[in-house]
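Let's explore this structure together, one question at a time. Have the picture open beside you as you read.

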Amino acid sequence: MSPMLQGIITIFVGVGGCIAYFYGSNLILDRVIFPPRNDDHGRNINRATLVRPWLFLFPAIFALGLYLVYPVVGSFVRSLYNRSGNTFIGLGNYTQMFSEEGFRTALFNNILWALVVPAGATFLGLLAAQLTDKLRWGNIAKSLIFMPMAISFVGASLIWKFVYANDPDIGIINAVRDTIGMGPVDPLQIPFWNNFFLMIILIWIQTGFAMVILSAALRGIPEETIEAAIIDGANPFQIFFKIKVPQIMGTIVVVWTTITILVLKVFDIVYAMTGGNFDTEILPSYMMDYMFRDDGRATAVAFVIMIIVLPVMVWNIRQARREMR
Amino acid sequence: MDNMAGQKTSLSIVTNLSVILLVILWLIPTVGLLVSSFRSNEQISASGWWASMFPVEEAIRISPEPEGVTRDGEMFVLSGNLFGEGSGTVSGFGIASTDPGAAEPGQVYARFNVDVTEPDGEVDNARVEVAYDAEAQATIPTEDEDGNPVVAGTAMLDRSLQVARNGDFTYVSDSEITRAPSVYITTMQPPQFSLQNYQTIMASDNMDRAFINTLTVTIPATIIPILIAAFAAYALAWMDFAGRGFLIAMVVGLLVVPLQLALVPLLQLHNRVGIGQSFLGIWLAHTGFGLPLAVYLLRNYMVGLPRDIIESAKVDGATDFQVFTKIVLPLSFPALASFAIFQFLWTWNDLLIAKVFLPSNSESWVMTVKIADDLLGSRGGDWGILAAAAFISIAVPLVVFFAMQKYLVRGLLAGSVK
């Protein structure tokens, strides 16, 4: 059966199944299990009200539990076993990993990524948001800066391969170097700095995201505070740094952490640009090197990523709970 | 106050200029890709895409048919026009691919066999190549390429080529011309843009298959989570039950779980229950991974719907199921659209999940895998083909992006934890 046909059938089965489940289960609940009839009338309605939320929630809880909660546990357990999965070796995968140069490089690079990319994207996003704020063609500019968000990391990598190409007739960087009389270089092979050239790709993608959110936050600042500052004689820079930025600090933190989380997931860029060569490995790409070869090691790397993400997760949950109160 | 006004204009000029600069910086990479995808490989390697509007000098190899060879003493002579029936302008020519523009039109380019004296005193054979004006005589250099002195008077013509600007040529060789000789010319080509790269990649590289595979992965993986999430979001927003707060916190927490964790256990699970690496597997995986964002986005939106409408409907005797399908779902359309766009972009652009949950044969490659695992290797230097492939893979998301930007922005604003 062709995948296309299979896809169409899946859509019908999936959507139909969902509708049938929700409609059918509600119907059964109301008509069969707790019918609002006879002397039980009131009690049955109450009982049905107690059960119904779980009918609504069940598919989501089931899918979330199976596809996200179980793997956290499953991955951790698997990471305690050896490559073939039959011998328990405790933290062996972790100690082995930390003793290897390759993993330490990946960890170090990943920390660099997690510091530089959110900082760069948030800063440029804030800059773009502020600059386009009062501009007549601001929306067009924003939409163009936002555009890379729609492009896949693989597509973006290819786009930047052209920019970085080691040939002054293809790569614009080397073309510029050529016109000022410098020889061609391959930016992806310059030790240490090549990491930054890879980070630029993700900054290029994420700046639009930061800009959109921060731009909305800037618009939400009460006009009075800015007017008051103008009357008090503040110059545009003071208004920006002393009045606006402190008021949107919360949003800046949100943008920053969201991008940090993303950085810890993205393996595509390194994978497509350098394949982890020239000391550009990061944890997600390092993990993919072991995927299908050594599941013990791969899950151990994944769990290290999880541990790095954990503080943000806890912080997010606390923020959400505070907001709900 | 005049002073203030003056400051304002200069500030606005600076702002305008900075934004223009920023936008240009942001667009350059993509424009480069787009322009390159319409150029032939020869043009791409001859000049940068930024110069694609200007003619470029291209080197071409031509092998004129050895017809009508005449004899001139010891030598064999072939003459004709290099462009054959067509026409063109020669800007340089040569007889070796290493230096296709060694001589200018109107000159003669000749190769001589000479004797040279090597550093150890031995006399050996060598070749020297010289370009000279057709009216003049060839001046044999005193040294060969390696710097060994040429023994005077030993030069014997091996072959020579004379090409005029219009392509008329005379090829002279000391041996009989039985096979077509290789002649190199450089010629200024006008800028050319064509869909050739797109045709090549679609026809010979199975990109059409990958495109359909991507579509096949994306559509069910976008539609199915929406329904599941919508019901759950309604329960979390408008129904009262114990553990609601905990579940919401759970969803927020799951938003940031790195997908890497899910890969190994889920693949094993899929293998155990017989799904294995298949389209069904990837639909399920995308559904599971997309749910936290879907539930979170939709709940945030539904919670903001006016309480009066929902409560008056309940007072009128509507069940939760009716309230959901008749009131909440239609009102939540903007949030549903936001999530649908997110999930569409995410599944379309995904590489990680496709690599793990789909079979790794070329029949099931989606476009991202096709580009990253196949084309970057097998078509590594084919910049035109790579650009066309990349553009095919980003075209649909770009259209969706520009058409539905409003919903995307709305979703982003609702989706970031405030």
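Q: Leaving aside its neighbours within four places in sequence, which residues is B:Ala59 in contact with?
A: This is a predicted model, so every contact here comes from predicted coordinates. B:Ala59 has its place in strand 1 (residues 56-62) of chain B. Setting aside neighbours within four places in sequence, its contacts are B:Pro100, B:Gly101, B:Tyr184 and B:Thr186.

Q: How far apart in space are B:Ala59 and B:Asn113?
A: Along the sequence, 54 residues separate B:Ala59 and B:Asn113. In space, going from C-alpha to C-alpha, the distance is 26 Å.

Q: Which strands are the edge strands of the open sheet in chain B?
A: The open sheet of chain B has 6 strands in the order 2-3-8-7-5-6, with antiparallel pairing. An edge strand pairs on one side only, and this holds for strand 2 (70-72) and strand 6 (123-133) of chain B.

Q: Which helix gives the most to the side of chain B that touches chain A?
A: The contact takes 87 residues from chain A and 92 residues from chain B. On the chain B side, 15 residues come from the helix that gives the most, helix 1 (residues 2-37).

Q: How many charged residues are on the side of chain B that touches chain A?
A: Sorted by class, this side has 68 nonpolar and 22 polar residues. The number of charged residues is 2.

Q: Which helices of chain A are among those that cover the buried residues of helix 12 of chain B?
A: The buried residues of helix 12 (residues 367-378) of chain B include B:Met367, B:Val369 and B:Leu376. Their cover includes helix 4 (207-238), helix 10 (333-349), helix 11 (352-357) and helix 13 (383-403) of chain B. From chain A, the cover includes helix 6 (153-164) and helix 12 (268-273).

Q: What ipTM does the predictor give the complex?
A: Chain B averages a pLDDT of 85, and 97% of the residues score at least 70. For the complex, the predictor gives a pTM of 0.84 and an ipTM of 0.89.

Technical notes:
Residues are numbered from 1 along each chain as its sequence is written. Chains are lettered from A and ligands numbered from 1 in the order in which they are written. This is a predicted model: local features need pLDDT of at least 70, side-chain atom pairs count only at pLDDT 80 or more; totals for chains, interfaces and linings use all residues. Helices (H or I, at least four residues) and strands (E, at least two) are DSSP runs, numbered from the N terminus. Two residues are in contact if their C-beta atoms, placed from the backbone, lie within 7 Å. Ala, Val, Leu, Ile, Met, Phe, Trp, Tyr, Cys and Pro count as nonpolar, Asp, Glu, Lys and Arg as charged, and the others, Gly among them, as polar. A residue is buried if 20 or more other C-beta atoms lie within 10 Å of its own, exposed if 12 or fewer, and partly exposed in between; C-beta atoms are placed from the backbone. pLDDT is the predictor's confidence in each residue, from 0 to 100. Two strands pair if DSSP finds at least two bridges between them.
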